[in-house]
Amino acid sequence: MTYSVSEFSEIIGVSAHTLRFYEREGLIKVNRDVNNVRIYSDENKAWMESLLHLKNTGMSLKDMKKFAMWGHLGEETMGDRLDLLKNHRKKVMEELENLHHSLEHLDNKIQFYENELGDCFEQK
């Protein structure tokens, strides 16, 4: 199945401007029709969903570009892509640990204030 820019934008959940930016940056390769209009495919959809997951985990544009470039080069870059993903996963896990620690701190603060306010209300 193929999609126009506006259809694809709606399906993926990013603006047409973002899609064009990703194309200019080499993150996605898009076919064009005889009138030079972009035509997106289901393969583009799967690739964009993967890129958006990487973006959502905080992967830098620089690393996303490397990953995309290596993907376009083929199987000989699979080791490089694996290393990049493993390194990124390590960073994500560290961030999750930091967030978990901060969440525990936040929960402790909430508990403290709930206890203090509870005591205040009971005295009145």
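What follows is a short exchange about how terms are applied to this predicted model.

Mentor: Residues are numbered from 1 along each chain as its sequence is written. In this predicted model, local features need pLDDT of at least 70, side-chain atom pairs count only at pLDDT 80 or more, and totals for chains, interfaces and linings use all residues, while side-chain values use heavy atoms, without hydrogens and water.

Trainee: Why is H1 called roughly perpendicular to H2?

Mentor: Helix H1 (residues 5–12) and helix H2 (residues 16–24) pack at about 100°, with axes 9 Å apart. Angles from 65 to 115 degrees count as roughly perpendicular, so H1 is roughly perpendicular to H2. Axes are lines fitted to C-alpha atoms, for helices over the stretch in contact, and angles run from 0 to 180 degrees between N-to-C directions. Helices are DSSP runs of H or I with at least four residues, strands are runs of E with at least two, and both are numbered from the N terminus.

Trainee: Which residues of H1 meet H2?

Mentor: Val5, Phe8 and Ser9 in H1 meet Ala16, Leu19 and Arg20 in H2; contact means heavy atoms within 4.5 Å.

Trainee: What makes S1 and S2 edge strands?

Mentor: The open sheet has the order S1-S3-S2, with antiparallel pairing. Strand S1 (2–3) and strand S2 (31–32) each pair on one side only. Two strands pair if DSSP finds at least two bridges between them, and two bridges join S1 to strand S3 (residues 38–41). The bridge partner of Tyr3 in S3 is Tyr40.

Trainee: What packs on the sheet?

Mentor: H3 does, touching S1 and S3, and its direction makes about 75° with that of S3.

How values were computed. Parallel < 35°, antiparallel > 145°, perpendicular 65-115°, else oblique.
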